[in-house]
Amino acid sequence: MTNSLHERDKQYALHHFTNLSAHQENGPLIIERAEGIYVWDTEGNRLIEGMSGLWCAGLGYSEQRLIDAATKQLNALPYSHMFTHRATPPAIELSEKLVQCSPDNISKAFLVNSGSEAVDAAIKMVWYYHNAIGKPNKKTIIARKRGYHGVTVAAGSLTGLPYVQDGFDLPAISVIHTGTPHAYRYALEGETEIAFASRLAEELEQQIIEAGPETIAAFIAEPVMGAGGVLLPPDTYFEKIQAVLSKYDILLVADEVICGFGRTGNWWGSETYNIKPDLITSAKQLSSAYQPIGAVMVSSKLYEAFVSHSDTLGLFGTGNTYGGHPVAAAVALETINIYQERDIVGQVQARAPHFAERIQAMSNHPLVGDTRSVGLIGAIELVKDKATREQYPVSDKLAVRVVAAALKRGVMLRAVPGDGVAFCPPMIITDEQIDEMFNAVGDALNDVLNA
Ligand SMILES: Cc1ncc(COP(=O)(O)O)c(C=O)c1O
């Protein structure tokens with residue numbers, strides 16, 4: 001049975017973000033059940049889900065209330081939509097809840113099915129807004145090198161990672177990529193975090209002036225850059241970036257697809273880093289991954305412009321068949337209720353010091369150059385030489401080897417660019433489970449060192 005599933009996968013499934021020939025050789029790791037923070041593969045191995053799947057299963061895998069919310073909604077109304085004035089009770093209640101949980105300037109929620117869709121919708125809204133207010137030349141979006149915003153044509157254009165763009169003719173929209181706020185790797189010798197942040201803001205301003213401020217529509221940023229390596233902004237970074245944006249009338253989109261709903265120890269990553277966005281994109285932990293759903297949170301400034309423009313054009317002409325799907329909306333609503341009732345933000349804050357301590361302790365290992373974390377997200381960065389921060393050749397695939405060794409030791413992790421290994425466990429993890437995870441990773445690092 002297992003064998004045949006393995007073979008059938010190789011025969012029929014085209015995998016996401018996978019080396020296709022290696023897959024033909026090795027086949028899939030098939031996960032078949034889960035409980036709490038653990039998953040089991042078809043060989044019977046129990047694994048800690050150290051990445052909450054893809055940074056998304058924040059409540060772990062055994063939340064009966066989410067299963068009940070889905071079942072109840074499937075029985076009542078499995079489908080209706082949000083086009084042409086239609087609505088459903090869960091989509092309305094979720095929109096209300098999302099606005100209530102958002103910064104004060106946010107007045108509307110636009111429901112979609114994924115993070116990429118949320119980012120694409122947000123970019124269309126940026127363009128729609130500037131057209132509405134008579135600034136049709138404001139089209140270019142500024143994103144960051146190593147930023148990750150998804151894979152659809154607009155979102156994939158903003159993503160600043162070659163492995164997402166190469167071969168796909170991306171970027172396909174007008175985008176400028178600015179510097180990566182990762183002091184360990186990109187600050188100059190002797191440069192403080194604060195001086196590094198100033199330099200990045202100056203570089204941004206220079207790029208805006210060179211392109212012409214009248215052509216720049218928006219800046220998009222993850223509060224913590226996730227898939228690009230779990231990169232935490234240097235002190236004062238967002239304050240300085242935002243000062244430049246407001247000088248040139250440039251909108252700010254906070255991509256909270258990973259950071260939203262408690263991950264950084266506040267409800268939004270924007271709170272952690274004092275970001276004041278015009279638009280917020282979210283997905284993933286919005287439903288704790290039990291249903292595919294995303295949302296764009298829209299400020300009243302933009303919404304009011306949309307209203308007048310939609311009058312002129314006849315309608316706000318964008319949406320998706322499943323945007324605001326009632327089953328996904330019911331599950332997301334229940335997810336947020338659980339986060340609030342159980343004070344998930346407080347839970348993350350309570351676990352964060354131990355999580356940080358265990359990550360920091362890894363810097364004693366000969367392979368680990370940098371360690372970083374905020375809330376319950378973090379990473380280690382592997383180096384060949386701690387003093388010079390020199391890395392192993394890319395062809396050594398060190399982080400990939402550490403992740404493979406950790407899997408053998410019972411922990412699922414993810415290699416991220418720059419020889420990083422990311423940690424993003426379910427937010428329900430206990431201190432004992434944090435120890436279990438890092439003990440295994442310590443062994444895995446030794447396995448690679450001694451191989
Ligand atoms: C910050 C960010 N934005 C957007 C996306 C895209 O989300 P999805 O994979 O649901 O399309 C991701 C996915 O990892 C993400 O991390």
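This is a predicted model: local features need pLDDT of at least 70, side-chain atom pairs count only at pLDDT 80 or more; totals for chains, interfaces and linings use all residues.
Visitor: Which residues surround the ligand?
Guide: The ligand is surrounded by Ser 114, Gly 115, Ser 116, Tyr 148, His 149, Gly 150, Glu 222, Asp 255, Val 257, Ile 258 and Lys 284.

Visitor: Which side chains have an N or O atom at 2.6 Å or 2.7 Å from the ligand?
Guide: The side chain of Ser 116 has an N or O atom 2.6 Å from a ligand oxygen, and that of Asp 255 has one 2.7 Å from a ligand nitrogen. For Lys 284, the side-chain N or O atom is 2.8 Å from an oxygen of the ligand.

Visitor: How much of the ligand does the protein cover?
Guide: The protein covers 84% of the 390 Å² of accessible area that the ligand has on its own. Accessible areas come from the Shrake-Rupley method with a 1.4 Å probe; for residues, only the protein chains shown count as cover.

Visitor: Back to Lys 284. Where is it?
Guide: Lys 284 is in the loop between strand E9 (279–282) and strand E10 (294–299). Its phi is near 45°, a positive value in a residue other than glycine. Strands (E, at least two residues) and helices (H or I, at least four) are DSSP runs, numbered from the N terminus.

Visitor: Where is the cis peptide bond?
Guide: A cis peptide bond with omega of about 0° joins Leu 170 and Pro 171. Pro 171 lies in the loop between helix H8 (162–165) and strand E6 (175–178).

Visitor: Now the sheets. In what order do the strands of the antiparallel one stand?
Guide: This open sheet has 4 strands in the order E11-E12-E15-E14. Strand E11 (368–374) and strand E14 (414–416) each have a single partner strand, so one side of each is left without a neighbour in the sheet. Neighbouring strands are turned by 25° against each other on average, direction ignored. Two strands pair if DSSP finds at least two bridges between them.

Visitor: Which helices pack on it?
Guide: Helix H15 (residues 344–361) lies across E11, strand E12 (377–382) and E15, at about 170° to E11. Helix H17 (residues 431–449) touches E11, E12 and E15, and its direction makes about 165° with that of E15. Contact means heavy atoms within 4.5 Å; axes are lines fitted to C-alpha atoms, for helices over the stretch in contact, and angles run from 0 to 180 degrees between N-to-C directions.

Visitor: What else does H17 lie across?
Guide: H17 also lies across E2, strand E3 (46–49) and E13, running at about 105° to E3. These strands belong to an open sheet of mixed pairing in the order E1-E2-E3-E13.

Visitor: And the E1 and E2 hairpin?
Guide: Strand E1 (residues 31–35) and strand E2 (residues 38–41) pair in the antiparallel sense over 4 bridges. The hairpin has 2 residues between the strands, and Gly 36 takes a positive phi near 60°.

Technical notes:
Residues are numbered from 1 along each chain as its sequence is written. Side-chain values use heavy atoms; hydrogens and water are left out. A residue is near a molecule or strand if one of its heavy atoms lies within 4 Å of it. A polar contact is a pair of N or O atoms within 3.5 Å; within protein, one must be able to donate a hydrogen and the other to accept it, and residues adjacent in sequence count only if both atoms are side-chain atoms.
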